[in-house]
Amino acid sequence: MDNQGVVGQYPDMMEPGALPDREALIAELGSLRMAGIPKTRSLELPVLSQAARRLGLTDDAKAEQTVVEALVRDAVSRFGGGDFQTAAECTFGLQGGTRFQSDTERRRLAADCLSVTTDTFRKSHEKLILDQVAEGILDRCRAHSAGTAMASESADEPHVSQAQPDRTHDAPIELLPPSVPPPRHRRLRKAPAFLALAVVTAAVAVAAVLLNRPTEAERIEARYDNKDPLELVNDPCAGPIARSQSADAERPELLDIDKRVVGTVEVRTWPDCPVVFGRVLWNDDPDARYQIPDGWTLHVEMHRPATDTVEKYSEPSSATSVPWAYGPTLATVRGCVYVEAYFTDDTQDTPHAQTACVTP
């Protein structure tokens, strides 16, 4: 595909001063992921080249391999470390030993970083990675534009020569014609310091924004951590229990205060979603109900060891029996999650039933 075809598809993409088109950028990153960075020369990447020219990294209409790699590596570095960043590095062949691997092998290695299947990674995590790499490149373009605009404003300030007339004893002081305003040396002498302060202040502000910008994993966790899974009705990774599925075949048994088996504990998720929640089934039956003993409380806890995150749900005893109980959601983009359930009367606990730590 030639550059003209891409411009025709995205007519505003190449306008001077316009940001690169996000969807076109994601599409090119997908092509780059599949081909691999060493094959950059064989690809048509007009949007990545546009971003490189906008940042002053190249004057060529077709960015070289080193420039494209630098753009992608910089965007990936903004992930904030952890397994998600390592997976992104494997995806593009930036991780040691992956540079010349096939796209299938790089995808498998990236999926292993997040402890998910290759198919799950392809349908979910890989799309997030491409989206966030594109966002990182666009962020850099925005920051560069802000700096360029500030520099342009500084250049537009009127320049006044600091040279003074020759005022020797033999030469009279020349008077300026009335049409020429008197020099403003006193006021303009302070301008460079003020402009320098403004530039420094703006740079600090931009740096603060970039440093405090949440990673994609943090955004997903903020969206899903400690949420009621049944209340997010319009979300593809939550909602009606009928759409959810078991994330692990094993269901540990839950014992009551007399050490009798009264239920099972399971981890559930939604198709192609890095989100799970826990559920307690009485007698391993979704339609069964159970009377929690007087003075006792059922606890359903969600644990994500990688981030030391624990979220809890409690079901106290009441005058009526209760249907199956469930815990809050937790995202699994930065590590596996397990469910723990038990009864307590605040002085003693029943044996804790714990599931495997899973990442769907």
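The model is predicted, with local features needing pLDDT of at least 70 and side-chain atom pairs counting only at pLDDT 80 or more, while totals for chains, interfaces and linings use all residues. Residues are numbered from 1 along each chain as its sequence is written, and side-chain values use heavy atoms, with hydrogens and water left out.

**Strand β3 and its partners**

- Strand β2 (residues 253-255) pairs with β3 in the antiparallel sense over three bridges, two strands being counted as paired if DSSP finds at least two bridges between them.
- β2 and β3 form a hairpin with five residues between them, and Lys259 in that turn has a positive phi of about 65°.
- Strand β1 (residues 245-246) is also an antiparallel partner of β3, over two bridges, and here Gln245 stands opposite Thr269.
- β3 is mostly covered, with eight of its nine residues buried, a term that means under 20% relative accessible area, against over 50% for exposed and partly exposed in between (1.4 Å probe, protein chains only).

**Strand β4**

- Strand β3 (residues 261-269) is joined to β4 by seven bridges, and the two strands run antiparallel; Val265 has Val280 of β4 as its bridge partner, and Val267 has Gly278.
- The hairpin formed by β3 and β4 has five residues between the strands, and Asp272 in the turn has a positive phi of about 60°.
- β4 is joined to strand β8 (residues 330-331) by two bridges in an antiparallel arrangement, with Val276 and Leu330 as bridge partners.
- Two bridges also join β4 to strand β7 (residues 325-326), again antiparallel, and Ala325 in β7 is the bridge partner of Val280.
- Eight of the eight residues of β4 (residues 275-282) are buried, so the strand is largely enclosed by the rest of the structure.
- In a regular strand the side chains alternate between the two faces of the sheet.

**Packing of helices α2 and α3**

- Helix α2 (residues 22-35) packs against helix α3 (residues 46-54) at an angle of about 110°, with the axes 8 Å apart; axes are lines fitted to C-alpha atoms, for helices over the stretch in contact, and angles run from 0 to 180 degrees between N-to-C directions.
- α2 and α3 are therefore roughly perpendicular to each other, the class for angles of 65 to 115 degrees, whereas under 35 counts as roughly parallel, over 145 as roughly antiparallel and the rest as oblique.
- Ala24, Leu25, Glu28, Leu29 and Leu32 in α2 meet Pro46, Val47 and Leu48 in α3, contact meaning heavy atoms within 4.5 Å.

**Glu126 in helix α7**

- Glu126 lies in helix α7 (residues 118-155) and counts as buried because its relative accessibility is 7%.
- Not counting residues up to four places away in sequence, Glu126 touches Arg33, Arg107 and Phe121.

Notes
Helix = DSSP H or I, 4+ residues; strand = E, 2+ residues; numbered from the N terminus.
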